[in-house]
Amino acid sequence: MTKYKLEYIWLDGYTPVPNLRGKTQVREFSDFPTLEELPLWGFDGSSTMQAEGRNSDCVLKPVALYPDPARANGILVMCEVMMPDGETPHPSNMRATILDDDGAWFGFEQEYFFFKDGRPLGFPTSGYPAPQGPYYTGVGYKNVGDVARQIVEEHLDLCIAAGINHEGINAEVAKGQWEFQIFGKGSKKAADQIWMARYLLERLTEKYGIDIEYHCKPLGDTDWNGSGMHCNFSTTYLREVGGKEYFEALMAAFEKNLMDHIAVYGPDNDKRLTGKHETAPWNKFSYGVADRGASIRVPHSFIRNDYKGYLEDRRPNSQGDPYQIASQVLKTIASVPTGAEGSVSAAA
Ligand code: ADP
Ligand code: MN
Ligand code: MN
Ligand code: MN
């Protein structure tokens, strides 16, 4: 038997942005356990905005497992928060609202800033560094400093060792700003892994004394870029059948549901989606081929391939909850009749 350190990780009830929480349970197993072998667990919801003082127990239900590369015999256990009956999803449990669909694929591009002493890493104590330009995909001390890349690389290695389908990294447009991409097949896969990658990044910052700033416009109304979390998505139907008519009906549904999407695409998005700096105004829906100034970018390959493939919703921001984003995207897709056997069937 081996004693495993099980880190049960969940999202708390803070709004508009939930925080990651975690606590350790030590348990013996003969081998690396399966999801089914892990017990439900509980926590005090009154400390996480998930319950009143009396009657404050909430239940943790394991939903995904990752080996924890930073701990001997460690396991990262992603959990959904359930009501005391263990079966009813807690109102804060947004993962439970995502339609089950193995054919839905998501790729998220998470942007973020490193922050130290209340300003982006590499910014002088007062004023600004040299203007944007050389930082994006840049190299060299004057562009990326002396520690950011070390954290980014360590994070990448941790994610890969944990089995997270990390796809890549790049230095971003603003000084101190970086991006990573995660792709997953299955409606909840990439969203689970974004949260786990965020967890690993947060934990890593403890070692370096540097914070992550996820706010979508940390430098306010300046010429410094904000942070997004572009959501690339496809369904079996979009990849295999598609077609101009279906695509146009889908875009009409995205336009109709504009406010429902913006509501879950992260707070303060009006400060980021101004219509400037390669963004579409938050309150007007648009789409365009290879258009980085549109709400939804249609890749060239999509048109070339008879309107089949994936689409990129550029509106979700860095602070968005990937569970709520995936949930809303699939709801809108499900509202559009496919007229054939689709992966997400038309709503009644
Ligand atoms: P860019 O910065 O030019 O928008 P990235 O390479 O950073 O491009 O991100 C593209 C994302 O699109 C990746 O996360 C990738 O996994 C995702 N993607 C590619 N093909 C599909 C697909 N068929 N369905 C969903 N997402 C996809
Ligand atoms: Mn990208
Ligand atoms: Mn980017
Ligand atoms: Mn993108």
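**Manganese sites and a helix pair**

Author: Along the chain, the donors of the manganese ion (ligand 3) follow the spacing E-x60-E-x6-E, where donors are N, O and S atoms within 2.8 Å of the metal (3.2 Å for Na, K and Ca), and since water is not among the atoms, sites may look incomplete. This is a predicted model in which local features need pLDDT of at least 70 and side-chain atom pairs count only at pLDDT 80 or more, while totals for chains, interfaces and linings use all residues. Residues are numbered from 1 along each chain as its sequence is written, chains are lettered from A and ligands numbered from 1 in the order in which they are written, and side-chain values use heavy atoms, with hydrogens and water left out.

Reader: Which residues are the protein donors of ligand 3?

Author: They are Glu-111 (OE), Glu-172 (OE) and Glu-179 (OE), lying 2.1 to 2.3 Å from the manganese ion (ligand 3). Glu-111 lies in strand β6 and Glu-179 in strand β9, so this pair ties together parts that are 68 residues apart in sequence; strands (E, at least two residues) and helices (H or I, at least four) are DSSP runs, numbered from the N terminus.

Reader: Is Glu-111 buried or exposed?

Author: Glu-111 counts as buried, at 10% relative accessibility, where buried means under 20% relative accessible area, exposed over 50% and partly exposed in between (1.4 Å probe, protein chains only). Glu-179 is also buried, with a relative accessible area of 5%.

Reader: And what coordinates ligand 2?

Author: The manganese ion (ligand 2) is coordinated by Glu-109 (OE) and Glu-179 (OE), at 2.2 to 2.3 Å. Glu-179 bridges the manganese ion (ligand 2) and the manganese ion (ligand 3), which lie 3.8 Å apart, whereas Glu-109 coordinates both the manganese ion (ligand 2) and the manganese ion (ligand 4), which are 4.1 Å apart.

Reader: Switching to helices, at what angle do α2 and α3 pack?

Author: Helix α2 (residues 148-161) and helix α3 (residues 189-208) pack at an angle of about 135°, with their axes 10 Å apart; axes are lines fitted to C-alpha atoms, for helices over the stretch in contact, and angles run from 0 to 180 degrees between N-to-C directions.
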